[in-house]
Amino acid sequence: MFKKLLFLSLSAGILAGIAGLIYNRAYHFAMETDFSKVINPASIFAVCIIACVVASIAYWILDRFLKDKTDIIFNILFAIGSFATILSPLSIKLPLDVQNPELFPGLAIPMHFFPVLAWLVLKPLFVKNKYVRIS
Amino acid sequence: MKKLIYPFVALLVLATSVFAVIKSQDWKIKEGYSIKFDAQNPVGVFTALKGDIRFDEKNLPSSKFDVSIDVASINTGNGMQNTHAKSEKWFDAAKYPTIKFTSEAITKTAKGYQAAGMLEMHGEKKATIIPFTFAKTPSGAVFNGSFEVNRLDFKIGEPGGKSSEVIKLDISVPVSKS
């Protein structure tokens, strides 16, 4: 189980990283901004992989206790956690030589949802869903 | 008549050269200037400065600063703080788009120079003294100055709060001969 979750986290992290990289390029091109001092390809991949590994560990721990309810609880927690992290790009203080910091949240906030999306999209390929049957 | 031409030309040359000596050097503001402010929270910079600088160490009476800062160029490093700083509660950039300083007298001091003049900010004018140094460089010169202003003197923001009432400004302006 843990091995599958580890592969899932690495795959999801790489997928989220690729999506982040594409979005970063598109945003840079469309808005004519340069946040390379704050966000670069290496940091995008590192953060995405770390987020997905942490998610997998959290899933594995929750599964120890919740069994059939793991998916429901984990999905809610992962979504809430991702949503909560958007406070950081809103409150971050960028270096003063970085122009247009008001455009930074538009770049960073969507990226905060890439790991959760990638992880949930790829999960059925690695781990069988556990649903609570409501009858 | 011919005899009069040469003395006249000599007089003209002399008058022109005297004028050239009296007139102070005009300086052009170069890229790379910095206008930092520190109100404890926030700390930031203004990134747009323009104006006329006439300065001659040997002729201070004819030296003059007439510079302005674009309020909208404020950068605190945080988008929300920038928007807040430009809002009606603080600088009101839409109504008062520039901060202006016009010197009235420049004098020598023990540490360098000081420019006494009128600082206009947020629609308020206050007599202000800006101490500064002037250092020549291979490509021109650099003006460096540090001074403090009380934002409440200019009716900026409310008393108290996270932002210090006394704002420290550090200015560095590289210039070239124009």
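## Basis of the model

The model is predicted, so that local features need pLDDT of at least 70 and side-chain atom pairs count only at pLDDT 80 or more, while totals for chains, interfaces and linings use all residues. Residues are numbered from 1 along each chain as its sequence is written, and chains are lettered from A and ligands numbered from 1 in the order in which they are written.

## Chain A

Chain A contains six helices and zero strands, where helices (H or I, at least four residues) and strands (E, at least two) are DSSP runs numbered from the N terminus. Its C-alpha atoms fill a box of roughly 55 × 25 × 25 Å along the principal axes.

## Helices H2 and H6 of chain A

Helix H2 (residues 41–66) and helix H6 (residues 114–126) of chain A have axes that come within 9 Å and cross at roughly 55°, the axes being lines fitted to C-alpha atoms over the stretch in contact, with angles from 0 to 180 degrees between N-to-C directions. H2(A) and H6(A) are therefore oblique to each other, a term for angles that are not under 35 degrees (roughly parallel), over 145 (roughly antiparallel) or 65 to 115 (roughly perpendicular).

In this pair, A:Cys48, A:Ala51, A:Cys52 and A:Ala55 of H2(A) meet A:Phe114, A:Pro115, A:Ala118 and A:Trp119 of H6(A), contact requiring C-beta atoms, placed from the backbone, within 7 Å.

## Contact with chain B

Nine residues of chain B are in contact with ten residues of chain A. On the chain B side, H2(B) gives the most, with four residues.

Notes
Two residues are in contact if their C-beta atoms, placed from the backbone, lie within 7 Å.
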